[in-house]
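Hi everyone, thanks for coming.

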Amino acid sequence: MKSFSEYFLQNNYDAFKIDKVTNGNLLYFTMMYVYYKEDWKTNIPELNTVKYQTLAYKVMIAYRKNFYHTQTHAADVVQNLYMVIREKGIDKLCDIGPIDFFTTLLSGAAHDMDHPGHNNFYEIKSASKLAILYNDVSVLENHHVASLFFLLENI
Amino acid sequence: MSKHASIQSELKSWKDLNEEERDLKDKNKLNLIKALVHAADISNPTRPFDVANLWSHRIISEFFQ
């Protein structure tokens, strides 16, 4: 039986399996795992543990219950980024410090926040509220990043 | 996802850079991280088949719900 920290660095990582074990809280679990694994408590002193915890939880519950664009997908992206940067040696290639790594993983965690389950084309053609708000330009992408900044402002 | 083509062309343009412009710093580093996040987003088919199969069934269900 392999340890979780070894399994987390492998390409055959099955996000659904771990999602079941964590009772459907995989994104929060992954973010907190990375926090303690990378020791951001000492490496990024500006980062408050409770605020980080709150942010990770709020990002997770901002995901809707779609078939694909769920918090499991976000956690899978975070795992893939972690694997590529740490295991495949990107961190040595271009000197990725703790803050770079933190922002990269946070962008991975929040990249599909509040996804409605339709694509941009559907949103534009159905003249949804989001399409009107963002004037048909990269509607969903704008919405994901706006949702993250809303959370960061009100943390 | 809508930035796929622009990320791809940015990476392709790196082959025309001079030796001193190729350092993975500032702008290049940011573009590399952008490409990595995007690559992680669409990384499902790179997983072993049994895992990739689960993901692909889910995205097809979402498209045709």
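Let's start with a word we'll need: a residue is called buried if 20 or more other C-beta atoms lie within 10 Å of its own. By that count, buried residues make up 34% of the 155 residues in chain A. And keep in mind that what you're looking at is a predicted model.

Okay, chain A as a whole. The C-alpha trace spans about 50 × 35 × 30 Å along its principal axes. Of the contacts with a separation of 6 or more in chain A, 71% come from residues 24 or more positions apart.

Now, where does chain A meet chain B? We've got 23 residues of chain A in contact with 20 residues of chain B. On the chain A side, α6, α7 and α8 each give two or more residues, and α6(A) has the largest share, with four. That side divides into nine nonpolar, 12 polar and two charged residues.

Let's zoom in on α6(A). It packs against α2(B) at an angle of about 130°, with the axes 8 Å apart, so the two helices are oblique to each other. The crossing is right-handed. From α6(A) you have A:Val77, A:Asn80, A:Leu81 and A:Val84, and they meet B:Leu36, B:Val37, B:Ala40 and B:Asp41 in α2(B). Here we find six nonpolar residues, one polar and one charged.

Definitions and conventions
Residues numbered from 1 in each chain as written. Chains lettered and ligands numbered in written order. Predicted model: local features only at pLDDT ≥ 70, side-chain atom pairs only at ≥ 80, totals over all residues. Contact = placed C-beta atoms within 7 Å. Nonpolar A, V, L, I, M, F, W, Y, C, P; charged D, E, K, R; others polar. Axes fitted to C-alpha atoms, helices over the stretch in contact; angles between N-to-C directions. Parallel < 35°, antiparallel > 145°, perpendicular 65-115°, else oblique. Left-handed = near helix turned anticlockwise from the far one by under 90°. Buried ≥ 20, exposed ≤ 12 C-beta atoms within 10 Å, placed from the backbone.
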